[in-house]
Amino acid sequence: MKKIFEEFENAGQTHVFRFIEKLSDDEKSSLCRQLQSIDLDELSELNNSLVFGKGENFVDFKKLLPAPFEKLPKNKDSDPKWIQAKKTGEEAIKSGKVAAFVVAGGMGTRLGFDAPKGLFPVTPVRGKSLFQVFAEKILNAEKKYNAKIPWLIMTSEANNDATRKFFADNSFFGLDQNDVIFFKQGLMPAVDSNGKIILESKSKVAMTPDGHGGCLRAMCRSGAIDELEKRGISCVSYFQVDNPLIDIIDPYFIGFHIIGNSQMSSKAIPK
């Protein structure tokens with residue numbers, strides 16, 4: 001406790017201990033464990049860039065320029081640039097360098113559905129769940145390209161167990177269960193406008209999911225990124241759980257991403 005207090009004192013966050021004398025031993029231990037899980041250096045960096053608008057990682061979005069883009073042609077199969085992109089993408093898929101990644105930490109609350117959002121029955125006739133729709137798309141791509149396509153699924157504390165059970169109960173929808181990799185999204189302490197950690201109760205820090213932006217960090221901390229590296233994956237096709245129309249394994253898109261030597265690429269359509 002003394003060591004943790006010193007760390008939080010150096011970070012200017014000692015207010016989290018203000019009720020410590022009123023806590024039971026179990027409550028003190030619980031608070032201590034939670035505080036140990038907080039990366040104070042990372043929190044300071046995020047406060048500087050996002051709360052105070054300064055620091056080396058601060059991004060002035062007003063100075064950002066539009067990214068270069070490839071406009072969808074009338075006929076992809078007669079456009080030389082798109083033909084080459086497709087070829088490049090297909091080569092990457094066939095050689096086992098592509099994985100799929102869905103962020104699925106949400107519950108179906110806004111849909112009036114008391115379960116993980118990925119379990120929501122979305123197809124109008126057969127009532128297939130979002131997860132089944134995605135699984136079948138990945139399975140079809142595996143058959144088409146004769147390749148293994150690992151599928152990363154980021155869950156949350158709220159829905160991890162139910163999501164895993166759903167896949168097990170449905171035999172992973174025909175996918176190899178060793179190719180379906182679950183991990184939980186991270187949590188960050190909530191802070192006020194002064195960058196001070198907020199307490200949910202006298203013995204508990206208010207923690208909030210770090211959102212889609214934290215998915216890369218969660219991949220690293222969970223070990224999922226190591227698994228992808230072991231499998232020779234160099235390209236990850238990311239999508240969100242509430243997008244049943246997504247073309248998950250799109251050779252054109254993957255090809256342009258590779259040809260452009262991009263760190264990140266995205267699709268966009270007019271509203």
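The model is a predicted one, with a mean pLDDT of 93 for the chain and 100% of its residues at 70 or more. Colour the chain by confidence, and the lowest mean, 83, belongs to strand E7 (residues 207-209), while the highest, 98, belongs to helix H5 (residues 130-145). In cartoon view there are nine helices and eight strands to find, and the C-alpha atoms fill a box of roughly 70 × 50 × 40 Å along the principal axes. Of the 271 residues in the chain, 39% are buried.

**Stop one: helices H4 and H9**

Select residues 80-94, which form helix H4, together with residues 251-259, which form helix H9, and you will see two helices whose axes come within 6 Å and cross at roughly 95°. Because an angle of 65 to 115 degrees counts as roughly perpendicular, H4 and H9 are described as roughly perpendicular to each other. Show the side chains at the crossing: H4 contributes residues including Trp82, Ala85, Gly89 and Ile93, and H9 contributes residues including Tyr252, Ile254, Phe256 and Ile259. Sorted by class, this contact of H4 with H9 holds ten nonpolar, four polar and three charged residues.

Keep H9 selected and look for what is hidden from solvent. Its buried residues are Pro251, Tyr252, Ile254, Gly255, Phe256 and His257, and the elements that cover them include H4, strand E1 (98-103), H5 and strand E8 (235-240). At the N-terminal end of H9, select Asp250, which caps the helix through a side-chain oxygen lying 3.0 Å from the backbone nitrogen of Tyr252. Beyond the helix, H9 is followed by Asn261, whose phi is positive, near 50°.

**Stop two: Lys137 in H5**

Move to helix H5 and pick out Lys137. Leaving out residues up to four places away in sequence, Lys137 touches Pro244, Leu245, Ile246 and Ile248, and a polar atom of the Lys137 side chain lies 2.8 Å from the backbone oxygen of Pro244. To relate this stop to the previous one, draw a distance from Lys137 to Gln84, which is 53 residues away in sequence and 23 Å away in space, C-alpha to C-alpha.

**Stop three: two glutamines**

Select Gln13, in the loop between helix H1 (2-10) and helix H2 (25-36). Gln13 has 4% relative accessibility and therefore counts as buried, the cut-off being under 20%. Its contacts, apart from neighbours within four places in sequence, are Phe8, Leu43, Asn47, Gly195, Lys196 and Ile197, and the side chain of Gln13 reaches the backbone nitrogen of Ile197 at 3.0 Å.

Finally, go to Gln34, which lies in helix H2. Which backbone nitrogen does the side chain of Gln34 reach? The nitrogen is that of Val205, at 2.8 Å. Gln34 is buried, with a relative accessible area of 15%, and, not counting residues up to four places away in sequence, Gln34 touches Ser203, Lys204, Val205 and Met207.

Key
Residues are numbered from 1 along each chain as its sequence is written. This is a predicted model: local features need pLDDT of at least 70, side-chain atom pairs count only at pLDDT 80 or more; totals for chains, interfaces and linings use all residues. Side-chain values use heavy atoms; hydrogens and water are left out. pLDDT is the predictor's confidence in each residue, from 0 to 100. Helices (H or I, at least four residues) and strands (E, at least two) are DSSP runs, numbered from the N terminus. Axes are lines fitted to C-alpha atoms, for helices over the stretch in contact, and angles run from 0 to 180 degrees between N-to-C directions. Angles under 35 degrees count as roughly parallel, over 145 as roughly antiparallel, 65 to 115 as roughly perpendicular and the rest as oblique. Contact means heavy atoms within 4.5 Å. Ala, Val, Leu, Ile, Met, Phe, Trp, Tyr, Cys and Pro count as nonpolar, Asp, Glu, Lys and Arg as charged, and the others, Gly among them, as polar. A polar contact is a pair of N or O atoms within 3.5 Å; within protein, one must be able to donate a hydrogen and the other to accept it, and residues adjacent in sequence count only if both atoms are side-chain atoms. Buried means under 20% relative accessible area, exposed over 50%, partly exposed in between (1.4 Å probe, protein chains only).
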